[in-house]
Amino acid sequence: MATVEPLLKPFETSAPPASYDALDATLRAFMAKTVPIESDGELRRRERVMGELKRLFQAWVRSVCKAKGLSDELASEAGGKLYTSGSYRLRVHEPGADIDSICVAPNHCTREDFFDTLKAMLLEHPQVENLRSVETAVVPIMTFDLDGVNIDLLFAHLPLNAIPASLDIDEDAVLQGVDEATEKSLNGPRVTNLIYKLVSHNYESFLQVLRVARVWAKRRGIYSNKLGYFGGINFNILVALICQLFPKATPSYLLCKFFAIFAKWDWPAPAILCRPLDHGYGFEVWGQNAEQLRGRMAYHNLRNNLMPIVTPAYPAMNSAANVNPWSFAVLRDEFARGAEVCKRIVARHAELAENGAVDPDVGGPLWDELVEKTDFFDKYDAYLAVNVLGDGEKEDFDNFKGFLSSRLRKLVEKMGHLPLKMIHLFPKEYPESTVPLAKHSCCYYVGLREDAQRMTGESLVLTHVWTQFWQDDVGKFRGLDDELDVRLEHLTFEQLPDAVFGDDADAVAAARATAVARREVRHADEAARAAADEADEGETNAALKALDEAAKAAGGAKRPRDDDDDDVDDDVAHLVDVKKEESPLDATAPGWEPKKPRTIHDVGDDLPRLAAVIPAWHPLATVSRIPRTTRVELSLCPPKKKRELAGK
């Protein structure tokens, strides 16, 4: 690999003020208490597990080569290498975290062999449990527990007769002649290794900041790449960029700058470590267009480039392509909150230092507010519980659950056309559903806030959105049958189950009391803001406002709006602006036929429905505080099942 130079020049080349040395001590005390690190015994167990996996993999390579007619000598020389990436490779993983592994095999071993004979070998191993494989994914994967350690195993197939011990996957030439799945599998260790090289000058500080950032993201509910937020690779790159900009900074200074800079980052200007280069091996490289590097992309490109966080290794790609306007709004708010908290920490520490009251051993509480548990479950008045249900085999349910979780951000995007100010998907799976009707179940929660200015009529109907989501996404699951189902339930704050607040009765009671107190303060603030919003004609929808700002930063490209008839498809125009309906549709009137645009689907037996109805009187956190005397009923009839509505 050629020498890689940082794209951005350092902001500061001098050491931070001396006061941050004392603040570093409080951060270390905080990390010792709050940021979990595996014991030496657990680290050695992981090393033994990886050694056993390497032995199994190389034995499998030899057996496949022999089965295809190679001599014992050639089969032994075929080799095979095992690499790791991500948090384990960087040494920032938490206790119990999985290990991202990539096995590199010669051309005699195909991906079909990987999911056939290697899978069979693993299933026969006495220490392997919970093995699942996803062969049709963009990056095919097997996941399993080996001696209690979770392994995510990818497969890379090189056009070589043997994998030499000296193979360097960091060299770009290793990608010559490989398929896309192999390129994406190798991308993990290649990116991880390059990040290490780019921050090697200040690696220990990088590790400390990254550990705190990961804990912060998980506590605040923004850690999940597949659900539209940030994952490990995103935080690796962002923290590495801060280390580049402040090469001599200490951990506490870097952490404060991490929040301060990304709270005000001019998205969609990319967060990028080095200039993307195209080495001509046929893979798409993000940023080859100079306009992309300036963040000046046309509006239609913003959908997957709201917060570009670009990987440093060839071929460069946007690792945050799953961020949508709604998660974008959540992420921006959380970074802004983190920046404000860090300002208070620095000010409080300076005040204590001036009074001689800072004890490094007990200074950790200064940082507690930063990683305070998310207020998601008291932030909204209305929630959708997305219940995933299964009555068949556990393996089938787990496969369906994994598939559906990777599609939930699509549901949020489809709901974006409805008159809602906020759609907040919480990136955590809860093992208990709100409709305990199945043998296996889990639940995800979505917080909703109504846009009163665009909401008219008696109810908000999700029939169209849910039908489209089922047809476009859920229905693509290959093993979908009558034993697998998804049901939505509308819940108010008071109806949220205890499981989302804590593990025992005392914790639940304390959490609920805290939540109620916070809600009273929030409701008063919202009432004041609502009065101000009535006189303000600006955009109140958090996601649309974020899109407007991103489009403006991208060069003034116009966002398609409700009044752009040429830019908005007729099928969704009624969802973008329900005020276009002059009067409610009467589906019971003689001779009634649906018209375009329409707000309610035909609910006859020929068209299954999800009637997720939220009445206009329901406050949804932004309108009046009318007592909830009526429970909103939701009836789910998925399109796949064509159930009879009568008698349900």
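Reply: Let's begin with the words for burial: a residue is buried when its relative accessible area is under 20%, exposed when that area is over 50%, and partly exposed in between. Please also keep in mind that this is a predicted model.

With a relative accessible area of 34%, D179 is partly exposed. Its side chain meets that of R111 in a salt bridge, with 3.1 Å from N to O. D179 sits in the loop between β5 (149–157) and α6, while R111 belongs to helix α5 (residues 111–124), so this pair ties together parts that are 68 residues apart in sequence. R111 has a relative accessible area of 16%, which means that R111 is buried.

How many salt bridges does the structure hold? There are 28. Another of them brings the side chains of E94 and R214 together, at 3.0 Å from N to O. E94 is in the loop between α4 (86–90) and β2 (99–105), and R214 is in helix α7 (residues 203–219), so here the linked parts are 120 residues apart in sequence. Both E94 and R214 are buried.

Now look within a single helix. The side chains of K343 and E340 form a salt bridge at 3.7 Å, N to O. Both residues lie in helix α11 (residues 325–354), three residues apart, which is about one turn of the helix. E340 has 40% relative accessibility and therefore counts as partly exposed. Salt bridges can also share partners: D375, D378, R518 and R522 are joined into one network in this way.

What about a charged residue without such a partner? D145, in strand β4 (residues 141–146), is buried and has no salt bridge. The nearest side chain of opposite charge belongs to R132, and it is 9.1 Å away. D145 does have a polar contact, though: its side chain is joined to that of N130 at 2.8 Å. Setting aside neighbours within four places in sequence, D145 touches Q127, V128, E129, N130 and N150.

A disulfide needs two cysteine sulfur atoms within 2.5 Å. The sulfur of C65 has its closest cysteine sulfur in C109, 4.6 Å away, so that pair is too far apart for a bond. For C256 the closest cysteine sulfur is in C342, at 4.2 Å, which is again too far. C65 is buried at 0% relative accessible area, and C256 is buried at 11%. The count of disulfides comes to zero.

Before you rely on any of these details, check the confidence. The mean pLDDT of the protein is 80, and 77% of its residues reach 70 or more. Confidence is highest in helix α9 (residues 251–263), with a mean of 97, and lowest in helix α18 (residues 570–576), with a mean of 30. Over residues 557–648 the pLDDT is below 50, although this stretch has 180 contacts in the model beyond near neighbours in sequence. Where pLDDT is low, predicted coordinates should not be read in detail.

Technical notes:
Residues numbered from 1 in each chain as written. Heavy atoms only, no water. Buried < 20%, exposed > 50% of the residue type's maximum accessible area, 1.4 Å probe, protein only. pLDDT = per-residue confidence, 0-100. Helix = DSSP H or I, 4+ residues; strand = E, 2+ residues; numbered from the N terminus. Contact = heavy atoms within 4.5 Å. Lys, Arg positive; Asp, Glu negative; His and termini not counted. Salt bridge = Lys/Arg side-chain N within 4 Å of Asp/Glu carboxyl O. Polar contact = N/O pair within 3.5 Å; in protein donor to acceptor, adjacent residues only side chain to side chain.
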